[in-house]
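Good morning, everyone. Please have a look at the model on the screen, and we will walk through it together.

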Number of protein chains: 2
Amino acid sequence: MSKTENIPDIGKHGDDFSAMFAALGDPTRLAIFDRLADGRPRSISTLSDDADMTRQAVTKHLRVLEAAGLVQNHRVGRESQYAFCPDQLAQARAYLDQVAGRWESALMRLKSFVEDDEE
Amino acid sequence: MSKTENIPDIGKHGDDFSAMFAALGDPTRLAIFDRLADGRPRSISTLSDDADMTRQAVTKHLRVLEAAGLVQNHRVGRESQYAFCPDQLAQARAYLDQVAGRWESALMRLKSFVEDDEE
DNA sequence: ATAAAGTGCAACTTTTTAGTTGCATAATGA
DNA sequence: TCATTATGCAACTAAAAAGTTGCACTTTAT
């Protein structure tokens, strides 16, 4: 286990993001999340209607999304409404932007290196 | 299975994104991906050095990332170099932006609805 | 009051994923 | 040449995830 290379600070914050990506990493969950992006809260039954699986399965998916902070739940009467929650989405976007930014910077450095080499 | 509500076109493209998110949804893989964002290709051994798991495990993770189009592999001599691949990352960002956009639009509509109601 | 709708909990099976080990093979350096 | 380094393949174990079923409970509508 040589520690020669610089070790990125993943593990400090990287795990958090991976949990959120994991929540989105299931087609059913991503579909639910995508659907809730119109702002309208929906009950579990409503969300289960279009899914080709049990209500219980959908419930589990919703709890995974909730645990990841991607949706919010509040009970109204006998039904529990799940609603889109934009905060974590913003976090995910910020993270991906940051990664893309590092990549761009690396490209720039490589470009200027090549240019320096050519003159 | 009532089809009263409008069904989003997830499944047409949503599954693709979920596969990519799933690839990023593991802390080890996200760490590798994050690390490769500096543009420097690295061999499997190099990437295994800092990981607290077997080289084979890292290899599997790299193949998952490769299958998702997040990294590229090419063999040089006896070692196989894995490099950052920005295309899919851009796709992911675009998708999240689109979702966030839909959410924003929904907020706007709600806002103007409330304003209309108040006057 | 009572049936129906919406949900929750718990136990269970099945499938996938993460990780390991052992062995074989190609490329490199002394 | 021969040891070393880097990798690939296959079989395996262990753990997590996905999904099911059955039953109980609360809320709503008739």
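Is Ser18(A) buried or exposed? Keep in mind that this is a predicted model. Ser18(A) sits in helix α1 of chain A, which covers residues 14-24. Its relative accessibility is 3%. Buried means under 20%, so Ser18(A) counts as buried. What does Ser18(A) touch, leaving out residues up to four places away in sequence? Its contacts are Leu24(B), Gly25(B), Asp26(B), Pro27(B) and Leu30(B).

Two of those names take us on to a helix in chain B. Asp26(B) caps the N-terminal end of α2(B). Here a side-chain oxygen of Asp26(B) lies 2.9 Å from the backbone nitrogen of Thr28(B). Leu30(B) is one of the buried residues in α2(B). How many of the 10 residues of α2(B) are buried? Seven, and the helix is mostly covered. Arg29(B), Ile32(B) and Phe33(B) are also among them.

Three strands make an open sheet, in the order β1-β3-β2, with antiparallel pairing. The edge strands are β1 (42-43) and β2 (71-76), each pairing on one side only. As a reminder, strands of a sheet pair through backbone hydrogen bonds. β2(B) and β3(B), residues 79-84, are joined by six bridges. For one position, look at Gln72(B): it stands opposite Ala83(B) in β3(B).

Which helices lie across these strands? Helix α2(B), residues 27-36, lies across β1, β2 and β3 of chain B, at about 80° to β3(B). Helix α4(B) lies across β2 and β3, at about 120° to β2(B).

Over to chain A. Let's start with β3(A). Five of its six residues are buried, so this strand is largely enclosed by the rest of the structure. On one pairing, β1(A), residues 42-43, is joined to β3(A) by two antiparallel bridges. There, Arg42(A) stands opposite Tyr82(A). In another pairing, β2(A), residues 71-76, runs antiparallel to β3(A) over six bridges. Val71(A) stands opposite Phe84(A) in that strand. What do β2(A) and β3(A) form? A hairpin, with two residues between the strands. Gly77(A), in the turn, has a positive phi of about 65°.

Last stop: the DNA. How many residues surround DNA strand C? The count is 22, and the closest are Ser45(A), Gln56(A), Thr54(B), Lys60(B) and His61(B).

α4(A) gives the most, with five residues. By type, the surface has three nonpolar, nine polar and 10 charged residues.

As promised, Arg29(B) is back: an N or O atom of its side chain is 3.0 Å from a phosphate oxygen of DNA strand C. Lys60(B) goes to a base instead: a polar side-chain atom lies 2.3 Å from a base oxygen of DNA strand C.

To recap: Ser18(A) is buried, and 22 residues surround DNA strand C. Thank you. Over to you for questions.

Technical notes
Residues numbered from 1 in each chain as written. Chains lettered and ligands numbered in written order. Predicted model: local features only at pLDDT ≥ 70, side-chain atom pairs only at ≥ 80, totals over all residues. Heavy atoms only, no water. Near = heavy atom within 4 Å. Polar contact = N/O pair within 3.5 Å; in protein donor to acceptor, adjacent residues only side chain to side chain. Helix = DSSP H or I, 4+ residues; strand = E, 2+ residues; numbered from the N terminus. Nonpolar A, V, L, I, M, F, W, Y, C, P; charged D, E, K, R; others polar. Buried < 20%, exposed > 50% of the residue type's maximum accessible area, 1.4 Å probe, protein only. Contact = heavy atoms within 4.5 Å. Pairing = 2+ DSSP bridges. Axes fitted to C-alpha atoms, helices over the stretch in contact; angles between N-to-C directions.
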